[in-house]
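Open your viewer, keep the selection tool handy, and follow the stops below.

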Amino acid sequence: MTGTGICTGRVAAVTGAGRGLGRAHALALAAEGAQVVVNDLGVAPDGGGSSAGPAQQVADEIRTRGGQAVAHTGDITTTDGAASLVATALDAFGRLDILVNNAGFLRDRMLVNLDEDDWDAVIRVHLKGHFLPLRHAAAHWRAEAKAGRRPDARIINTSSGAGLLGSVGQGNYSAAKAGIIGLTLVAAAELARYGVQINALAPAARTRMTEQTFAATMAAPAEGEFDAMAPENVSPLVVWLSSADSAGVTGRVFEAEAGRITVMEGWRPGPTADRKSRWTPAEAGEAARELLAAAGTPQPVYGAR
């Protein structure tokens, strides 16, 4: 495999790496010298079924290109599956340096039609599917730090523009992706003492989850034109965040698509009124109207443009 070797000697576990963004990340990390655990449960776009094929195919592809990889088909939304992901990296390569949380699927419904099972399934895979691998990897790195072997570890979480702005018809997905940002900020603060950096990415790319939901935006370009929505456009930032070169970068959220990288600045205090005593409802309303008039216009919700 060719590359600069920016991740040589590092071991990465990538969830949801059998297709789309996860596959692109796994291949890019391997091209830069990382040894890769390719996790994928091989489910359908709505989370149904399972197959060992996608994870094994990507691992085989990495090895065919001269890299090192093993497949992992455990369910990372379970304690045993997440623990075995870390164990697989340690058994196969003797260490773990990078965790890329990427697994997910969609069950889109307008809120009045969104049933409890569809809510629970999407929250479980996206949010719990980030928490459990993060928790088990963090426990390993904390033990290493306490044993005097301070890690230089990285976690890259996958959020979405839907988590930043909301997305019509995706209440479950938007809530999960917003939760991932909150989890990222907490983990970055808690794990810094153990040598772990955690950042989140809000990518836009053509995947099984987006090519139908946003069909016009995700359409492939004409031959010879830059494919702005190719998943591979996002992976260079993931690789850099995974490398030692990203030292000091933690607790940040990036948008990445096409040839653009944006640092997202999140919620910050805007116009404020403080009367130093309790408001009446009418006074609070008048103050709120004045503050809103002085505030910036919020960005539109996805799907409502």
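Which side chain does threonine 184 join through a polar contact of 2.9 Å? Select threonine 184 and asparagine 157: their side chains form that contact. A polar contact here is a pair of N or O atoms within 3.5 Å; within protein, one must be able to donate a hydrogen and the other to accept it, and residues adjacent in sequence count only if both atoms are side-chain atoms.

Before moving on, a word on what you are viewing. This is a predicted model, in which local features need pLDDT of at least 70 and side-chain atom pairs count only at pLDDT 80 or more, while totals for chains, interfaces and linings use all residues. Residues are numbered from 1 along each chain as its sequence is written, and side-chain values use heavy atoms, with hydrogens and water left out.

**Stop one: around threonine 184**

Now show helix H6, residues 171-191, which holds threonine 184. Helices (H or I, at least four residues) and strands (E, at least two) are DSSP runs, numbered from the N terminus. Threonine 184 counts as buried because its relative accessibility is 0%; buried means under 20% relative accessible area, exposed over 50%, and partly exposed in between (1.4 Å probe, protein chains only).

Next, select Asn157, Ile198, Asn199 and Ala200, which threonine 184 touches when residues up to four places away in sequence are not counted. Contact means heavy atoms within 4.5 Å. Isoleucine 198 lies 14 residues from threonine 184 along the chain, and their C-alpha atoms are 6.2 Å apart.

**Stop two: strand S2**

Move to S2 and colour its residues. Five of the five are buried, so S2 is largely enclosed by the rest of the structure. Gln35, Val37 and Asn39 point one way, while Val36 and Val38 point the other way.

Valine 37 in S2 is the bridge partner of alanine 13. Trace the chain from S1 through H1 to S2: this β-α-β crossover is right-handed, that is, with the strands pointing away from the viewer, the path from the first strand over the helix to the second runs clockwise.

Then bring in strand S3, residues 69-72, which also pairs with S2 in the parallel sense, over four bridges. Here alanine 69 in S3 is the bridge partner of valine 36.

Notes
Two strands pair if DSSP finds at least two bridges between them.
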